[in-house]
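Open the structure in your viewer and keep the selection tool at hand. The stops below say what to select next and what is there.

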Amino acid sequence: MKTTNLFLLIGILLTVNVSLCAQTAEEWKKLGNAELDSTNYSKAIEYYQKAVEVDSNYCDAYHNLGLAYSAIEEFDKAIEYYNKAISKNDTVAITFFALGS
C-alpha cells in the first residue's frame with residue numbers, strides 16, 4: 001500500500017513538474033526574438049524550432065527562422081522557412097518581401 005502511494009505521489013509530482021516546464025509556441029518565439037535581437041542567431045534558431053515543434057502552423061516562427069538563417073547567410077534554409085511561413089499564411093506581406101530580398 002505504501003509503495004502504491006509513493007508511486008502515485010511521484011507520478012503526480014512528475015506531471016506537475018512537466019506542466020510547469022512546458023512552454024507555448026509564443027513563449028519560444030519571444031525567446032528567439034530576444035536572441036535574434038542580440039545577434040545570437042544559433043540560439044534564436046533553436047528557440048524558433050522549438051516554437052514550431054509546439055505549433056507546426058506558427059507562421060511567425062517560420063518567418064523568423066527565415067530571418068535568422070538570412071542573417072547567417074544560409075539563404076537556401078532562409079528560403080525554405082520563408083516558404084513554410086507563406087504556406088501557413090499567404091497574406092503576410094512582410095514574408096513575401098523578405099523572400100524577395
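Select helix 5, residues 75-88: E80 and K84 are four residues apart in it, so about one helical turn separates them. Helices here are DSSP runs of H or I with at least four residues, strands are runs of E with at least two, and both are numbered from the N terminus. This is a predicted model, in which local features need pLDDT of at least 70 and side-chain atom pairs count only at pLDDT 80 or more, while totals for chains, interfaces and linings use all residues. Residues are numbered from 1 along each chain as its sequence is written, and side-chain values use heavy atoms, with hydrogens and water left out.

Show the side chains of E80 and K84: they meet in a salt bridge at 3.7 Å, N to O. A salt bridge here is a side-chain nitrogen of Lys or Arg within 4 Å of a carboxyl oxygen of Asp or Glu. E80 is partly exposed at 34% relative accessibility, and K84 is partly exposed at 32%. Buried means under 20% relative accessible area, exposed over 50%, and partly exposed in between (1.4 Å probe, protein chains only).

Next, select K43 and E46, whose side chains form a salt bridge at 3.4 Å, N to O. They are three residues apart in helix 3, residues 41-54.

Last, select D60 and K29, a salt bridge with its closest N and O atoms 3.9 Å apart. D60 lies in helix 4 and K29 in helix 2, so this pair ties together parts 31 residues apart in sequence. Is K29 buried or exposed? K29 is buried, at 12% relative accessible area.
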